[in-house]
Every structure is written in structure tokens, then in C-alpha cells.
Protein chains: 2
Amino acid sequence: MRNVINAVCISCGAEYEAGDHTYTCPVCGGVLEINYDYDYIKSVLTKEKLAERRDPTLWRYMELLPIEEGSELSPLRVGGSPLYRAERLGKILGLRQLYIKDDGLNPTSSLKDRASAVAVVRARKAGIGVAACSSTGNAASSLAGNAAALGLASFIFVPERAPAGKLTQLLIFGATVISVKGNYEDTFKLSAAAIEKYGWYNRNAAVNPYLSEGKKTVSFEIAEQLGFRVPDYVAVSVGDGCTIAGVWKGFKDLYAVGFIDKLPRLISVQAAGCCPVNRAFETGNPLEPMEENTIADSIAVGVPRNGAKALQAIRESGGITVNVSDEEILDTMGLLGASSGVFGEPAGVTGTAGLRKAVERALIPPDALVVSLVTGNGLKDVSAARQAAAARPPIYIPADMGLLIEEFERRNIRP
Amino acid sequence: MRNVINAVCISCGAEYEAGDHTYTCPVCGGVLEINYDYDYIKSVLTKEKLAERRDPTLWRYMELLPIEEGSELSPLRVGGSPLYRAERLGKILGLRQLYIKDDGLNPTSSLKDRASAVAVVRARKAGIGVAACSSTGNAASSLAGNAAALGLASFIFVPERAPAGKLTQLLIFGATVISVKGNYEDTFKLSAAAIEKYGWYNRNAAVNPYLSEGKKTVSFEIAEQLGFRVPDYVAVSVGDGCTIAGVWKGFKDLYAVGFIDKLPRLISVQAAGCCPVNRAFETGNPLEPMEENTIADSIAVGVPRNGAKALQAIRESGGITVNVSDEEILDTMGLLGASSGVFGEPAGVTGTAGLRKAVERALIPPDALVVSLVTGNGLKDVSAARQAAAARPPIYIPADMGLLIEEFERRNIRP
């Protein structure tokens, strides 16, 4: 990879060759980060060159990705998700320039496809025929789907609480699914042991530094879709920490190659019932495990393995942390859907729920340019959506116009 | 609309102004079709002009759409869905040039978004603030989502059997949902009465001729994505008949403006438990109602209101009809997912199931250029997917490596 210099430990600064076997620092155990030769990249990539490309997927940013020359690319349409100007929602929230990035429209319906696409391409290039991970759901289905599309086998470890929709998706993609009696941490440990034993490609966002490299493409798209205007704030839901780290890396990359001239501030939003990253940021204490007590299962991560990267991203960006209750998350699902036609899963709209709260608390000026990232499709967790919609149940009636009119009157509906 | 001449009854040939109040022929009750001025369109749209456009949505084909000048367009990213070369699946099926068009990646996760986008734009332009329809699910959620995005209210009539995922999506989009005790026909009739009484915009594909005009854009995209090579066959699942009619109209439009020099043959695939269109085609008898007896709820339409248009499309194209069992549909869900990373709902993969059967019966030569249209996302109906995945259940174990190894051995899994 002409564009990649090496992999650097974010804890102790030790440097390693960027390969597929050293994922965490052999010296201190820290997470690695991929380090690019931005001078070289500047010499081969310009905004104008980018603008000419027809490929809408994340591969349009090839010069900024850790992909070996001659790799077979994942054929799914990963990335290229729409950025919507959300005027109605903006009015409700009190923001004049609000945009929604709907990453639930990725092939397996979450942002995680960006990471998995990079993972399977690297696995294939390294000659590894099986990819594996532990996941509360979206990383898993994205790995299974992207592996299937590229002809790789996948072994997926899920905690027993994973919603049925997500499990089913894995099975349809032909994955071998191991449902582990325990929490995310137990699941992660078993997956790590099996990956070690069998030599599978390791797609655990916890340790694999290439995954946030895939995720960062969401920031490339946001910037490009805004004509390289930089948002003042980007609201992101945070679980393991890999996504917010990727979002930050994306903007830093663009800054390093001179495509943008400032950086956004990140709004790190966690569920109040599981907010170890935000707690560590707010208290200044080290990360401590927390219970996983929230409806937003995709971000219910009590021991965030990418917590250090996430904290670094929030700090460097001059970011804000906000915690939201499950009620606020569910309420935001309906708000986003009814105002914008975007249906996000609970973790998918947690960023928007936090944004709403941040505006209410006057942490964000009303004229700020704000992007709220929706990370997963609401169809992924229909039972949660049903709770969100419980306040407005369907009208159940026989096929009779008279009864319909009666029901409208009784419910004060003006048709 | 400079590009539209009028609306013509497909049964008696009577001609009407293309407006928003006459949807079926006042003379004979036939369904209308929008009639374009292709000479004018040729003078304003060329392949080269099209190639320069950056808008990936269906609005890139504006010159071929029934949209009034100055209309506010639906902001969702409708259309622009990926066309995948499906080599692995092609090998399994015995086809050398197979493509999958994944329309489940539309904003509300089905092809119906194309029709609803056109509907809400016309409603808004006509000054109507409420849109309504009856639907087994996808038309409904697409209308609710597109209406929400454009700021319209929606009233949706669904038969009681509609899957939970689809109902929930409607409620999240803020629709008023009326769940009707009865079948699709009962639901349709009640919606028609309410639409008449309240003056709502009528998005019933049964009668609104603009909907297949939205759906036809899927064919525009297929042709454009293939570099204007024309598929020899296009496989489509058929329920009401509106989608296959739209697919056919799209190719005919492109032929009329000289963008393509031949037309594809359509493969009309229905569920064996509800196949009134295919039965009428095969027997030559008039359309007769059938029971709605299939897991593929989106195409379980016993009285297809667009049956005449569908039959015309199959006939004109020199098409083929194939009926498939629910087992074949479920089996194809897993096959498509594991070979291609595409997760379709039962009705969404019915076209592919029928294609498979047509190849087995040697109705299609192995070197034909074939496109199979996947019309809806598998997350829409997780319970069906669970049935499809039942043969490969997860492995449930505690977090213990020894137990995992035992399970692999017991199940003959080679990790």
C-alpha cells in the first residue's frame, strides 16, 4: 500500500508494519491506528479528481483507504448513503441547518457495512477464507453479508440478547452463528479464542484497526455532499467507540490532505443506561465497565474496547457528551420518522436524540451547521419500533365506512 | 407537462387529459395509461445528457416522468438502487450473465418507493395535503415515508394479516393506520370509499396510472447500468400487476426514444397459492379471483386490479409465466443471501425463485443476459426469514472454547 506508512499504537506510540496479524500493540496492548502518507495522497488525489468519479461507494476514496493494490473489491454498494436536508426536523429541534445522514440504507442496513467491506477485502487479499467477529448484531450482519458477496465463509458470535431480526439476517447470509449465553464481553472473549485457534480473519472492531478506516468514509461523504463545507457539529451514537473514532479519523484525513480547512466538533451520545465512554470523558477518570442497560442494543457495550480512541476523538474535536434515556430514544424514532421519512433503529437515532437534548440545553447555537448520523435501519429491531409507536396504535375495524367515520370522530382525527 | 400528451384507456382506447381526478376510464372502467410525446422527449433528452447527471435518484429521468413543472420533489433518495453482477448465484442457477437489481435498498426498503415518490409529488402540486392507499404493506410504508418526507399526512388501510414490521414502519412515519378485518379486496374497497368521501390523494396502484410511471424507472436504471445493453429476460414477482406493468413501460419508453434497440422478455413469477395473473395468461381465460394463500404477502393479491396491464405486458414482451411454491420462495431467500449478500423478503425473491425454475425447465438459455428484480428487503418480514433460515439454526452455547470445539465436531463444521 503506497499510501499507508505504518500502524501506530495510540497509547505508547510504537510503530509497526500495517499487516493483518498485529492488531494491538505487542508492547503495551494499545489499539493501533493506520498512518497515511498524506503528501503522497495529495499528489494523487484532488477534489476535482474525486468529483469526476462515478462510483458512489466507499471505494471512490481508494487513495485514503488501507486496501492493497490489486485487491478484489466487495461488490455490494457500501456507502454512498444519502445526506438529507432535514428542514422540518430542524424547525422542531431549533436548528436552522440540520442534515441527516441515513446510513441505514447500506446493503445490510447499517453503517457497519463500511467496516466489513474493508475487512473482507483485506481477508481475501491475505488469502484467508473465513472471517469472524463478535457483535451485538450490526457488525455481524454486515460481515456475513459482505463475506457472502465476496465468497468468504463467516463465523459470527452473538450475545444471546441479540434481536431476532439481526440473527435471522446472519443465517440468511449463510453465516455459522454461535449464540453465546452471556453478555457482549463473554461473547467477545470466546470469539477471540476461536479466531486465535483457527486463524480466521479477525473483524472485531475492538482490535482490528482497519475497521474504523472503513467507517471514516462516512465523513468523507458528508464533507463531499456538503460541497466540502465542514459541519460545526456531528452527532454520533457511541457504543464500542469505533464508529465515532472512524468519523473523527475521516475528517482528520480530509484536513490532512487539504480538502477541508477546519474540523467539526463531535457530539458523543450514549444511552444513560450504558455510558462508560461519556462517563470517563465527563469525570476524567479511566474507563470503567458499566451494565448494559438500554433498549439501544447496538450501543449497549459495557466494556468499550475502542474507548480510548473514542475519548481521544471527543477530546481532540472539542466535543460534547450527552446521555439519553430509552424514552428519549424511542420518542426520537417517531420524531425522525414522521418529520423526515427516516426510520432508524434505537441505536441509530440515539445521536439525534442526544442532539435534541444538546439543543434544549443550549449547548449548540441554532444557526450551527449540524449533521446527525443515523447508523442503522429501524427494521432491524421491530419490537423496539413497536414500543416507539405504541402511543399511536392502528385503528382496528371491519370494512365499514360508517364505523370508520365513528372511529375518526371518537379519536378526534380530522381526515 | 410538456412531455405528456394525455391518458389513454388500455381497454377501450378513450383519451383523457392527464390530471389527478380521472384515474379509471369513465366510459368502460378500464385502467388508464400515461401517453408521452416521445418526439418532444427525444429533442430534449439524450443518452449523453443523462450520463452527465449527478442525481442518482429517479428524478434523473424527469423528461420521462409525469411531473408538473415547478413541482417540489420528494427529498428521499428513491431509486438509484444497485445492480449486482451475480456470478456465484449465476453458476448455481446455470446462467452465465445474471444480474440482481436490489430495490430493497430504497428509503423505505422496497421498490414501491418509486411509485409513492411520484404520488406525493403530484399530490403536493395538486394542493392535496393528505395521501391515502390500501396496501398489503410496502405501498403503504412507502407512501407513509415519502409523505412524511414531503410534509404530507397519510391515511393507510391495511388488511389485518400485514406483518408487524410493515405496520410498525407506518406508525413511525406518522401515518394514521386503519387495520381492516378482511382481505386485500375488503381493505381496498373501504379505502376507495374513504378517499372518495374525504378527497384524499389516491395512491391505490389499482387505479392511479402515475404509479407504474414511477415504477418504470427501475427499467431505466437497469438499462443505464448495463450501458444500454438490453437484458434478454427480466424476472419480476407479480401481485397486483402494477410493478410488472411499470417494468414493461420503462423499457417501452426507452425503446420509443431510441435509447435501446430491442425489448426484453418478461418472466412473470407468482406464488402458486395466489397466481390469478399467470393463470389467466396460461389458460387464455379472463382473470378470476383466487385465494390469497402464500407466505409472500406483498404479492398475495387475489383480485389483481392491474391484471389487464400485467397481462398486456407479459404478452407484448413474449413473456414466460412461472409459479413457485412457498418452499421454493423460502429456499431462494437463503440461496440469494448466501451467494450474493442480498437479503430479500419472500415476495422480493419470488422473481428469483421463478427464474431458477425457468432455468431448470430449460425455458431460458444459459447464456441469456438476465436481470432478476428483488423488490423488497428481507427485514420487512423477519418471521418469514426465520422460516427460511430454520434449516441452519444458531449454535447455542455458554462462553467456553471446549464446548465450541465439541459443537463443531458434533455438527461436522470445519472452521
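Guide: Gladly, and a definition comes first: two residues are in contact if their C-beta atoms, placed from the backbone, lie within 7 Å. This is a predicted model, in which local features need pLDDT of at least 70, side-chain atom pairs count only at pLDDT 80 or more, and totals for chains, interfaces and linings use all residues. Residues are numbered from 1 along each chain as its sequence is written, while chains are lettered from A and ligands numbered from 1 in the order in which they are written.

Visitor: How many residues does the contact take from chain B and from chain A?
Guide: On the chain B side that touches chain A, the residues divide into 40 nonpolar, 19 polar and 9 charged. Here Ala, Val, Leu, Ile, Met, Phe, Trp, Tyr, Cys and Pro count as nonpolar, Asp, Glu, Lys and Arg as charged, and the others, Gly among them, as polar. The contact takes 69 residues from chain A and, from chain B, 68 residues.

Visitor: What ipTM does the predictor give the complex?
Guide: Confidence in each residue is expressed by the predictor as pLDDT, from 0 to 100. Chain A has a mean pLDDT of 94, with 99% of its residues at 70 or more. For the complex, the predictor gives a pTM of 0.96 and an ipTM of 0.95.

Visitor: What radius of gyration does chain A have?
Guide: The C-alpha trace of chain A spans about 75 × 45 × 45 Å along its principal axes. The radius of gyration is taken over C-alpha atoms, and the globule rule is 2.2 Å times the number of residues to the power 0.38. For 415 residues, a compact globule would be near 22 Å, and chain A agrees with that at 21 Å.

Visitor: How many helices and strands does chain A have?
Guide: Both are DSSP runs numbered from the N terminus: helices are H or I with at least four residues, and strands are E with at least two. Chain A has 16 helices and 14 strands.

Visitor: Which residue of chain B stands opposite A:V180?
Guide: Strand 8 (residues 176–181) of chain A and strand 14 (residues 395–398) of chain B run parallel, joined by 4 bridges. Within strand 14 of chain B, the residue opposite A:V180 is B:I397.

Visitor: Is A:A235 buried or exposed?
Guide: A:A235 lies in strand 10 (residues 233–237) of chain A, and its contacts beyond four places in sequence include A:I267, A:V269 and A:G351. A residue is buried if 20 or more other C-beta atoms lie within 10 Å of its own, exposed if 12 or fewer, and partly exposed in between, with C-beta atoms placed from the backbone. Because A:A235 has 29 such neighbours, it counts as buried.

Visitor: How many residues of strand 12 of chain B are buried?
Guide: Both faces of this strand are covered, with B:I320, B:V322 and B:V324 on one side and B:T321 and B:N323 on the other. Strand 11 (residues 265–271) of chain B runs parallel to strand 12 of chain B, joined by 5 bridges. Strand 12 (residues 320–324) is largely enclosed by the rest of the structure, so the number of buried residues is 5 of the 5.

Visitor: What is the phi of A:F228?
Guide: A:F228 sits in the loop between helix 9 (217–225) and strand 10 of chain A. With 13 C-beta neighbours inside 10 Å, A:F228 counts as partly exposed. Although A:F228 is not a glycine, its phi is positive, at about 65°.

Conventions. Pairing = 2+ DSSP bridges.
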